[in-house]
Amino acid sequence: MASDQGVVTIRPAVQEDLSDIAAIYNHEIANSTATFDLEPPTYAYWEQRLAGKHEGDHLLVAVDEDEDVVGYAYSWSYRPRPAYDLTRETSIYLDPSVRGRGIGRVLYPALLEAMAASGVHTAVALVALPNPGSIALHKACGFEHVGTMREVGWKFDQWVDVEWYQKLLS
Ligand SMILES: CC(C)(COP(=O)(O)OP(=O)(O)OC[C@H]1O[C@@H](n2cnc3c(N)ncnc32)[C@H](O)[C@@H]1OP(=O)(O)O)[C@@H](O)C(=O)NCCC(=O)NCCS
């Protein structure tokens, strides 16, 4: 895929990508309300996402021409009770240096395709406000806004609202 800053390839993540993935996410924890994590998760957290034992779970990366990881997206359990199994929650994060250049529009559909191919029925995503880039990405990828929860997060000394998005995959 060609983006404004060169060629980006989407592929399943491998063990060697995990520290780059963690660095992208940890930057967001420290600087943004996009995630409600307050401290970096353990390395085991990422290993668990890579191992993805459930059929619909995928961890993909976007890499540049130098094979550097510039973003990742994954699907995971929405809720643990088994009737929710064919519903998976999605997440996507890019390095700040490559945002707004069309990479999300390639990486996220690749994740949704992989999920659909493995039988996932519904993708759901949570967007903490404000996040115009994420809202635009979800809508561009066919998600619909299905609800807003007011003041469910407290981060950086403020209440944060959350919007829920959903896309039926099959
Ligand atoms: C959200 C994020 C994944 C989007 O990826 P991206 O590569 O920057 O987005 P793209 O360039 O592919 O753009 C996707 C769509 O959003 C629009 N868009 C991108 N950034 C935008 C912004 N800041 N404001 C409004 N629209 C924006 C684009 O025009 C495009 O819409 P279109 O296809 O209808 O033209 C990325 O910005 C990011 O990692 N943000 C920080 C982490 C984050 O918020 N993750 C999501 C948590 S819910």
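How many aromatic pairs does the structure hold? The structure holds 11 aromatic pairs, where rings of Phe, Tyr and Trp (its six-membered ring) pair if their centres lie within 6.5 Å, with planes under 30 degrees apart counted as stacked, over 60 as edge-to-face and the rest as tilted. The model is predicted, with local features requiring pLDDT of at least 70 and side-chain atom pairs pLDDT 80 or more, whereas totals for chains, interfaces and linings use all residues. Residues are numbered from 1 along each chain as its sequence is written, and side-chain values use heavy atoms, without hydrogens and water.

The ring centres of Tyr-25 and Tyr-93 lie 5.2 Å apart with planes at 80 degrees, so this pair is edge-to-face. Because Tyr-25 belongs to helix H1 (residues 18-31) and Tyr-93 to strand S6 (residues 87-94), the pair ties together parts 68 residues apart in sequence; helices (H or I, at least four residues) and strands (E, at least two) are DSSP runs numbered from the N terminus.

Strand S4 (residues 59-63) has five of its five residues buried, so it is largely enclosed by the rest of the structure. Leu-59, Val-61 and Val-63 point one way from S4, and Leu-60 and Ala-62 the other way. S4 pairs in the antiparallel sense with strand S3 (residues 9-12) over four bridges and with strand S5 (residues 69-77) over five bridges, pairing requiring at least two DSSP bridges between two strands. Ile-10 stands opposite Ala-62, while Tyr-74 in S5 is the bridge partner of Leu-59.

How values were computed. Buried < 20%, exposed > 50% of the residue type's maximum accessible area, 1.4 Å probe, protein only.
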